[in-house]
Amino acid sequence: MKQITQFPGTSGLILEEPLIFEKSVKGRMACSIPRNDVPEIDTSKLAAQGYFRSSIEGLPEVSEVDVVRHFLRLSTWNYSLDHGLYPLGSCTMKYNPKINEVAAAIPGFAQLHPKTPEAFSQSALRIMYELQNDLAEIAGLDAVSLQPSAGAQGELTGMLMIKAYHLSRNEPHRNLVLIPDSAHGTNPASSVVAGLRTQTLPSGEDGCLNPEALRPYLNQNLAGIMVTNPSTLGLFEKNFVEFSCRIHDAGGLVYMDGANLNAMMGVVKPGDLGVDVMHINLHKTFSTPHGGGGPGSGPVAVTRALEPFLPVPRIVFRDGRYGLEWNHPQSIGKIHCFYGNFGIMLRAFTYIRSMGPDGIREACENAVLNANYIKEKLKTHFHIAHDRLCKHECVFDDKYQQEFGISTLDIAKRLMDYGFHPPTIYFPLIVKGALMIEPTETESKETLDQFIEAMIRIAEECKNEPELVKHAPVRAKRRRLDETLAARKPILKWSPGIYPE
Amino acid sequence: MRYIPHTSDNRKEMLAAIGLTGVNELFADIPQRYILDKPLRIEPAMSEPDLMRFLTALSNQNADVGRTVGFMGGGAYSHFIPSVVPSLMSRSEFVTAYTPYQPEISQGTLQAIFEYQTMMTQMTGLPISNASLYDGAMAAAESALLALRVSQKSRIAVSRAVNPGYRATIETYCRNQNIEIIEIPTGTDGGTQLDVCRGLIADGVGCIVIQSPNYFGVIEDQTGFAAQNTGSSCQLVTIVTEALSLGILKSPGECGADIACGEAQSFGLPVSFGGPYLGFLTCKEKYVRQAPGRLVGMTRDSEGRLGFVNTLSTREQHIRREKATSNICTNQALCAVTASVYLATMGPEGLRQTAELNLKKAHYLRSQLSQITGYRLPLSGPIFNEFVLQVPGTVHQFQNFMTAHGVFPGIDLSQDYPEFGTALLVCATEVNTREQLDRYVALAQTYSKEALS
Amino acid sequence: MSYPANFKYTKDHEWLKITGSSGVIGITDHAQHQLGDVVFVELPEVGRKFDKGDVYGVVESVKAVVDCYMPVSGTIVKVNSALESQADLINSDPHGDGWMIEVDLADLSETQDLMDSAAYEKYLADNAD
């Protein structure tokens with residue numbers, strides 16, 4: 001193999017910067033206010049009644065130069081996807097196309113008020129309508145709502161719809177949701193917010209859900225099952241169709257967590273596998289940026305049977321016009337003041353139009369290829385619980401490295417010094433010391449090879465220089481942070497003179 | 001495709017490394033009858049120039065934002081966004097970064113969000129702020145749930161003057177947890193009825209939810225509500241949908257609210273057809289462990305340097321799972337950082353002056369319109385930048401006339417609030433010039449003559 | 001760390017020290033080690049009654065949360081309020097200063113199926129990861 005000696009994580013001049021409040025100087029201003037061109041009004045009555053505040057205590061007073069330097073310096077402390085690889089399993093950190101950003105900033109979209117009369121917002125409605133159709137086609141389902149603001153809210157919406165479905169059939173006792181122990185934490189949390197009960201199912205020895213595990217719960221209390229496919233181990237749930245059938249036979253519905261759709265889109269349709277409802281993460285599969293934690297978008301796709309329960313307003317096309325439709329009496333209602341994160345939908349729409357059907361399929365194929373390539377190259381250096389064909393992600397653990405007193409956490413921190421964001425760690429919970437790697441299709445073979453080389457070097461360091469790994473990172477803006485102190489004595493806002501001990 | 005680097009040689013080489021010969025073998029673990037043998041029925045790929053041309057043409061079919069003038073609020077407000085905001089917020093380091101679970105390489109986002117949390121506590125007068133929620137409606141729902149966790153009750157009372165989209169969302173979240181929602185009526189001044197609240201508090205509701213300024217634009221007497229509530233476990237939740245009003249109006253914390261939440265879209269986010277926006281939630285110190293959403297805290301690193309981390313994570317879904325305070329994971333982080341930049345740019349003086357402009361513009365428009373025959377102001381309460389206007393003829397006729405002349409006159413209230421008859425919710429902000437306001441008045445005059453003749 | 005011979009132990013890693021008809025309860029060294037640095041402890045109100053197996057409190061570390069289960073039925077007579085500002089006592093002295101609650105025992109016979117220190121140490125060894 002080509003000897004790679006140059007890693008991205010070298011040091012450089014990164015400037016320190018205090019909190020903006022510490023830079024405040026009374027009388028400084030960074031903004032420009034228009035002149036008042038209407039008559040003055042008498043506010044004495046309002047003032048006398050105590051409606052006005054006297055000041056905004058503590059809000060910083062800085063110049064425009066201060067604002068620019070402050071936030072620019074802060075930005076340089078972040079690693080980002082535009083910097084380099086983020087092999088985060090379950091997150092699908094694929095490249096965020098710049099055309100998406102340009103599209104979202106077009107004034108005709110960015111400055112369009114949500115209550116603009118429909119005749120004057122046809123294009124925005126059209127984008128939403130076409131995106132609904134595209135997602136329905138990719139999902140292999142019949143109808144879509146774009147309203148949920150993130151995957152978790154999509155899950156909530158889906159579970160509310162399942163609950164409403166059973167209620168509409170006079171089966172309110174159907175309130176138990178089966179959830180594998182490998183599920184993302186939002187799955188049980190969303191079910192509970194929806195007012196349902198949860199039952200954890202154990203994953204089998206092979207990492208997949210065993211249909212037999214369902215047996216005790218296939219009765220009149222079953223609302224449905226909530227399952228991720230491929231699973232959070234990056235493995236295709238080989239019994240999916242079978243347990244879908246069993247759930248349906250018992251009167252339940254199948255919810256699929258669509259976080260891993262990047263491993264299926266264009267190749268398999270979840271609807272064909274028996275899925276009744278699923279959510280899609282636009283900020284994962286459809287390239288919209290993560291923004292340091294959001295905003296995302298979590299549309300739900302459903303079968304015809306669940307369509308009446310979708311949130312309102314529905315985006316429809318009738319009599320040659322796009323419009324908002326409110327008259328759906330069985331709808332679960334609203335979960336957003338307006339229609340959802342339109343700016344994110346517009347980015348996803350732009351992405352899908354850029355990719356086309358061939359691009360979508362190719363993305364999926366290459367994502368799976370990349371994950372299997374990494375799995376093959378690293379499996380002699382890191383223990384893998386399930387060494388077989390994976391989908392778009394693979395899960396290692398720290399079993400070999402524990403021998404030298406090194407944990408997954410240490411490996412993750414050392415990877416930063418090589419200039420990579422660490423993979424997902426300690427998830428799924430069913431693998432002790434999990435290290436979940438999802439490269440996505442937008443990474444080149446050279447980047448993957450460089451990442452593989454870095455991981456192998458770290459594996460060697462674990463054996464020969466464990467202290468280096470244990471005390472990593474050494475090159476990041478900050479070394480390991482005291483999370484215990486932050487939780488024991490929380491300081492959640494700045495106050496003059498209040499700093500951690 | 002430019003986002004997919006692999007050439008066919010790359011693919012061959014990599015497949016060989018795995019011991020496979022064809023891409024289809026990568027899906028051998030899926031029963032073959034489910035593998036699609038036809039391409040997806042979506043539009044074929046468009047080149048970048050074609051797509052830009054398509055999107056630009058499409059956007060021009062919307063309201064010509066350069067030439068039409070809007071007077072709509074109702075939870076989304078058109079404000080001037082200083083150029084430093086989009087300039088700084090276009091930085092890749094903010095836009096394409098992931099959630100700061102690895103704090104050592106995420107200090108930029110973490111400090112910016114810590115500053116956002118701080119500024120929100122300064123704006124609302126309550127000491128704890130989370131790192132954002134989806135939007136004001138969801139923040140209102142989460143605030144009601146927080147209030148019930150704290151008060152250990154199962155009934156909430158929500159003012160009729162809370163934004164209808166918010167009330168619907170609160171209902172969706174609460175209905176499924178066996179929570180009863182009681183509606184509090186409003187009075188002729190447009191404010192929520194204080195005396196009804198007194199009775200509800202005595203009757204043991206877990207929280208009172210009001211909005212100020214409310215959906216009718218009327219500023220509520222928050223201090224009055226707080227005074228009703230002293231000594232009870234009932235929580236006062238104040239929703240603010242027009243965050244800019246906090247530039248001049250007394251903060252909810254100062255007025256005695258226990259929880260202040262709502263929408264901070266006015267802090268530097270474009271209206272963008274309804275989202276992404278910025279839900280905020282602030283509350284008393286002792287509620288912090290019950291609060292939903294992420295929290296950024298200050299700490300030190302192993303070399304004693306100041307740094308920031310996500311903290312108190314045991315409240316959240318990835319640890320607490322079905323017992324979490326909320327199911328939220330991804331939030332509106334980039335929007336929160338945007339708000340930090342906006343607030344730092346505006347400062348207290350800029351906010352106060354801008355808020356004053358809003359007050360003056362709305363008062364001017366309201367007073368001019370009230371003098372035209374056929375137009376009435378049904379509510380007497382004090383306003384910030386929105387007001388209810390009753391118009392002659394029907395709302396549709398009025399709107400059609402105004403839009404034909406390039407003016408979106410306001411939001412139709414007749415569906416949600418039939419008691420106002422033919423009425424609209426009219427909003428004027430600092431972006432509306434004297435010329436635009438006078439044009440509205442002149443058109444309204446013309447319409448009135450035609451309608452009443 | 002040794003496990004005091006005069007304590008009783010549960011499979012969920014609580015310990016019980018009996019004195020007459022009252023008992024002191026906490027979590028074991030094994031439990032605190034699994035949790036990592038304890039940051040917060042939720043304790044019940046004095047006067048509350050719990051049955052054997054009920055959740056009486058919660059211990060939180062940075063990355064985990066565990067429910068604490070009653071080894072026996074009883075009424076809470078005292079709680080360790082020092083834990084409010086010094087949650088780390090559970091880490092530094094889990095069998096001593098890190099005690100959580102003191103209870104009036106409802107039924108002494110309930111202690112019969114609890115483990116002694118030798119049985120608990122064997123239980124730990126048998127179930128080691």
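Across the interface of chain B and chain A, the rule finds eight salt bridges. A salt bridge here is a side-chain nitrogen of Lys or Arg within 4 Å of a carboxyl oxygen of Asp or Glu. One example pairs the side chains of B:Glu13 and A:Lys445, at 3.3 Å from N to O.

Before I go on, a word on the source. This is a predicted model, where local features need pLDDT of at least 70 and side-chain atom pairs count only at pLDDT 80 or more, while totals for chains, interfaces and linings use all residues. Residues are numbered from 1 along each chain as its sequence is written, chains are lettered from A and ligands numbered from 1 in the order in which they are written, and side-chain values use heavy atoms, with hydrogens and water left out.

Back to chains B and A. The same interface has 78 residue pairs in polar contact, both residues at pLDDT 80 or more. A polar contact is a pair of N or O atoms within 3.5 Å; within protein, one must be able to donate a hydrogen and the other to accept it, and residues adjacent in sequence count only if both atoms are side-chain atoms.

Now the interface of chain C and chain A. Here eight residues of chain C are in contact with five residues of chain A, and the buried area is about 550 Å², 50% of it on carbon and sulfur atoms. The rule finds one salt bridge across this interface. It joins the side chains of A:Glu483 and C:Lys63, at 3.0 Å from N to O. The side of chain C that touches chain A has three nonpolar, one polar and four charged residues.

Next, chain B by itself. It has 14 helices and 14 strands. Helices (H or I, at least four residues) and strands (E, at least two) are DSSP runs, numbered from the N terminus. Of the 453 residues in chain B, 66% are buried. Buried means under 20% relative accessible area, exposed over 50%, and partly exposed in between, using a 1.4 Å probe and protein chains only.

Chain C has a sheet to look at. Six strands form an open sheet in the order β1-β2-β3-β9-β8-β5, with antiparallel pairing. Two strands pair if DSSP finds at least two bridges between them. Strands β1 (8-9) and β5 (49-50) of chain C stand at the edges with a single partner strand each, so one side of each is left without a neighbour in the sheet. Further in, four bridges join β3 (residues 22-27) to β9 (residues 101-105) of chain C. Within that pairing, C:Ile25 has C:Ile101 as its bridge partner.

Is A:Asp410 buried or exposed? At 3% relative accessibility, A:Asp410 counts as buried. A:Asp410 sits in helix α11 (residues 408-417) of chain A, and its side chain makes a polar contact of 3.1 Å with that of A:Lys470.

Last, some backbone details. Most residues other than glycine have a negative phi, and most peptide bonds are trans. A:Asn170 has a positive phi, near 55°. A:Asn170 lies in the loop between α6 (151-168) and β2 (176-180) of chain A, and at 66% relative accessibility it counts as exposed. C:His13 also has a positive phi, about 70°, but C:His13 counts as buried, at 18% relative accessibility. As for peptide bonds, the one from A:Phe427 to A:Pro428 is cis, with omega near 0°. Another cis bond joins B:Gly275 and B:Pro276, with omega about 5°; B:Pro276 is in the loop between β7 (259-263) and β8 (279-283) of chain B.

Technical notes:
Contact means heavy atoms within 4.5 Å. Buried area is the accessible area (1.4 Å probe) that two parts lose on being put together, summed over both. Ala, Val, Leu, Ile, Met, Phe, Trp, Tyr, Cys and Pro count as nonpolar, Asp, Glu, Lys and Arg as charged, and the others, Gly among them, as polar.
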